[in-house]
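Reader: I am new to this. Please take one part of the structure and walk me through its surroundings.

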Amino acid sequence: MFIMNITLESIQLTTADLSEYSARLSSTQELYSPTAPAKPIAQFGWRDRWWLNNSPAKQIALNYWFFQSADEANTAADEGRLRLSAQSVSKFGGRESAYQPVSQDQVKLGDSVWQAGANWLFVRDTVVVLVAEIGGKIPAETTLQIAHKILEKIENEL
């Protein structure tokens, strides 16, 4: 099995990457898989929280998960989206995750994409990324731009 050599450091956004947003890194932490404790389990997960415009009222969380295979990454994102938000949407026959699939015709962001408001969950190869705004103060256009910055870094590694 061929495994890509994508590392957190190679795709993680930095202060320079987010300079147009006057971003300040507020915290970092290791994460479990979005499906934990169920399989597939991420090889590694990480979250960076940033304040945009140096304002704690405008926070984003950038979550990165690395998997053994692209299939595991897609499964983890699809199944894990139920756990990534306490919010849900009403669908015929019950409730579903707030993270709903987005067509590649609408948004070109990785191999698979889900959206919940201004939050973007996407898979590219063996990496799952969640760009989540905290507090409802950041528009979807901004979080999508930030997600594209991460995707660009992943593409550069592939």
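Author: Start with Leu 109 and its contacts. Setting aside neighbours within four places in sequence, Leu 109 touches Gln 104, Trp 120, Phe 122, Leu 144, Ala 147, His 148 and Leu 151. Keep in mind that this is a predicted model.

Now widen the view. Leu 109 belongs to the largest nonpolar core, which has 29 residues. Leu 109 is among the members that touch the most other members, along with Leu 62, Tyr 64, Phe 122, Ile 146 and Ile 150. Which elements give two or more residues to this core? They are helix 1 (8-11), strand 3, strand 8, strand 9 and helix 3. Helix 3 gives the largest share, six residues. A second, separate core has 16 residues, including Leu 31, Trp 65, Trp 114 and Val 128. In soluble globular proteins, nonpolar side chains tend to be buried together.

Seven strands form an open sheet in the order 1-2-3-9-8-7-6, and their pairing is antiparallel. Strand 1 (24-30) and strand 6 (100-101) are the edges, and each pairs on one side only. Strands of a sheet pair through backbone hydrogen bonds.

Strand 8 (residues 119-124) and strand 9 (residues 127-134) run antiparallel, joined by five bridges. One detail: Arg 124 has Val 127 in strand 9 as its bridge partner.

Last, the helix on the sheet. Helix 3 (residues 140-157) packs there and touches strand 3 (59-66), strand 7 (112-116), strand 8 and strand 9. The direction of helix 3 makes about 15° with that of strand 8.

Note on methods:
Residues numbered from 1 in each chain as written. Predicted model: local features only at pLDDT ≥ 70, side-chain atom pairs only at ≥ 80, totals over all residues. Heavy atoms only, no water. Pairing = 2+ DSSP bridges. Helix = DSSP H or I, 4+ residues; strand = E, 2+ residues; numbered from the N terminus. Contact = heavy atoms within 4.5 Å. Axes fitted to C-alpha atoms, helices over the stretch in contact; angles between N-to-C directions. Core = buried A, V, L, I, M, F, W, Y, C linked by side-chain atoms within 4.5 Å. Buried < 20%, exposed > 50% of the residue type's maximum accessible area, 1.4 Å probe, protein only.
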